[in-house]
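Welcome, and thanks for taking a look at this one. Below is a short walk through how its parts pack together.

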2 protein chains.
Amino acid sequence: MGRTSDAREKILGAARSLIELRGYSALGVAEICKAAGVPKGSFYYFFESKEALALTVIDEHRAEQERAWRHLLTGQAAPLQRLRRLFEATEAGQRAGQQSCGTVSGCLFGNLTLEMSNHTEAVRGRLQEIFDAQVDLVEAVMAEALARAEITVTDTREAARSVVAQLEGQVLFAKLYNDTRRLDSLWANCLALLGTHAPAGATATR
Amino acid sequence: MGRTSDAREKILGAARSLIELRGYSALGVAEICKAAGVPKGSFYYFFESKEALALTVIDEHRAEQERAWRHLLTGQAAPLQRLRRLFEATEAGQRAGQQSCGTVSGCLFGNLTLEMSNHTEAVRGRLQEIFDAQVDLVEAVMAEALARAEITVTDTREAARSVVAQLEGQVLFAKLYNDTRRLDSLWANCLALLGTHAPAGATATR
C-alpha cells in the first residue's frame, strides 16, 4: 500500500513538472514514467490515460491554489490589501519557480487553456470551473471594497473577470520574457480597473 | 515552379489551421502533409524541420497582423478611437474564426507563447519581437492621446504593455469559454487603464 501510493505520487509529481516545463502534448507516458522512476505498468494501474493523468494534475493543483487564494483573500486586512497580497504572492511564486528551474513557467491553468481547451472538452470544463472559482473569490473581495466605498465599479463580476484577465495576461508576458518584473504593474492596474484613480503607468517601477 | 510554390503555400496553410486548432506539439509532419495534400518529401524540400515550419507560420501571420494593426492604429481618427477599432477588429476576427470552425481559436502568438516559449529559444525570440512591436504600435497611439491630454498615464510604455496584456488575457478567456462576448469589456478596461475614469465594470454590457 505504501509503495503503491508512492508510485502514484511520483507519477503526479513528475507529470506536473514536465507539463509546466514543456506542456502536455509534447509528453509521452514513457517519458513521464522514466522521470518518475516507476515502471510503465504502474502508470496504467493508476491512470486510464494521459488525459486522465492531466485531469488529476489539474485537480490537485486546483485544490492547492484554492487553499492559497482563500488564505490570501480572506481575513482581517482591508479588502484591497488582500488583493494586493494575491499579486505579491503570484510574483513570489513565479520568482521561486524561475530560481529553481531557470525559466518563469507561468500559470499552469493558463498554459493548459491555450494548449488543450479546444481539443479536450473534459479539460475545458475543468478549467472553466477553476477560473470561475477564481473570479468568485476576487468578486467577493470587490463586493466588500464596494460596500466600503473604496472602489467605483458597479459590475463587480465584470471587474473581477478583468482583474483575473490582467493577471493571466501579465503572467503570460512574465513567461515569454522570463522576467517576473512584468508582474510589478498588477497592483496599479488593478486599482485602475476598479476605478480608484491610479492608472496603469502612474506608479510603474520601470 | 508554379506547382512547387503551391505545395509550400498548401503546407503553410494546413500548418496554420492545425496549429490554431490543436497547438504545435500535438502535430506531426505526416499529418500536416496529409491535410495539405502534398507528399511528405515536399515538406523537407521547403522546411528543414517542424520548428522551421512553425517559425515561417509565425512570420507570415506576423506580417499580416502588423499590416492590419498599422492600418487600424494610424490615420485621421482620434487616437483613442483607433485603439477602439483595434478591439472591435479583434472581436470580429475571433467571431469569424468561431463561425468558420466552431470554436474561438484565440491568439496564435499567445497560444504559442504558452506552449512553446520555454522550450524553443528561437520561437521565444520571435514572439518577443512580435509583442514588442505590438506594444510599440499601441504606445505610439497613447503618446498622441497624451499630447492631446486625453489620458492621464505618464508611463506610456507600461500602459501599452498593460493594454496588450489585458487583450491577451481576455482573448484567453474568449477561447476557454468559446464566447467572444468576453471581449466586450476591452474598450472600457482600456480607458480605465489609461486613466480616463471609465473603470472596468462601469460600462459592461453583461
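How much area is buried between domain 1 of chain A and domain 2 of chain A, and what percentage of it do carbon and sulfur atoms give? In this predicted model, the two domains bury about 1,100 Å² between them, with 62% coming from carbon and sulfur atoms. On the domain 1 side, the residues that lose the most area to domain 2 are A:Arg16, A:Glu20 and A:Tyr24, which together account for 50% of what that side buries.

As for the bounds, the domain assignment places domain 1 of chain A at 1-47 and domain 2 at 54-193. Their centres, taken over C-alpha atoms, are 27 Å apart. The contact involves 13 residues of domain 1 and 13 residues of domain 2.

Now for the pairing of the chains. Chain A and chain B each bring 54 residues to their contact.

| Parts | Buried area | Share on carbon and sulfur atoms |
|---|---|---|
| Domain 1 and domain 2 of chain A | about 1,100 Å² | 62% |
| Chain B and chain A | about 4,600 Å² | 58% |

Within chain B, B:Leu114, B:Asn118 and B:Leu176 lose the most area to chain A, and together they make up 15% of what that side buries.

Next come the helices. Two packed helices are described by the angle between their axes and the distance between the axes. In chain A, helix α7 (residues 121-147) packs against helix α8 (residues 156-176) at an angle of about 120°, and their axes are 8 Å apart. That angle makes α7(A) oblique to α8(A). The crossing of this pair is right-handed. Residues making the contact include A:Phe131, A:Val135, A:Met142 and A:Leu146 from α7(A), along with A:Arg157, A:Ala160, A:Val164 and A:Glu168 from α8(A). By type, the residues of this contact comprise 10 nonpolar, two polar and six charged.

In chain B, helix α6 (residues 108-116) and helix α7 (residues 121-147) cross at roughly 145°, and their axes come within 10 Å. Here the crossing is left-handed. From α6(B), the contact draws on B:Phe109, B:Gly110, B:Leu112, B:Thr113 and B:Met116, while α7(B) supplies B:Val123, B:Leu127, B:Ile130, B:Phe131 and B:Gln134. Which residue types meet in the contact of α6(B) with α7(B)? Seven are nonpolar and three are polar, with no charged residues.

How values were computed:
Residues are numbered from 1 along each chain as its sequence is written. Chains are lettered from A and ligands numbered from 1 in the order in which they are written. This is a predicted model: local features need pLDDT of at least 70, side-chain atom pairs count only at pLDDT 80 or more; totals for chains, interfaces and linings use all residues. Side-chain values use heavy atoms; hydrogens and water are left out. Axes are lines fitted to C-alpha atoms, for helices over the stretch in contact, and angles run from 0 to 180 degrees between N-to-C directions. Helices (H or I, at least four residues) and strands (E, at least two) are DSSP runs, numbered from the N terminus. Angles under 35 degrees count as roughly parallel, over 145 as roughly antiparallel, 65 to 115 as roughly perpendicular and the rest as oblique. A crossing is left-handed if the near helix is turned anticlockwise from the far one by less than a right angle, and right-handed if clockwise. Contact means heavy atoms within 4.5 Å. Ala, Val, Leu, Ile, Met, Phe, Trp, Tyr, Cys and Pro count as nonpolar, Asp, Glu, Lys and Arg as charged, and the others, Gly among them, as polar. Domain bounds come from an automatic or database domain assignment. Buried area is the accessible area (1.4 Å probe) that two parts lose on being put together, summed over both.
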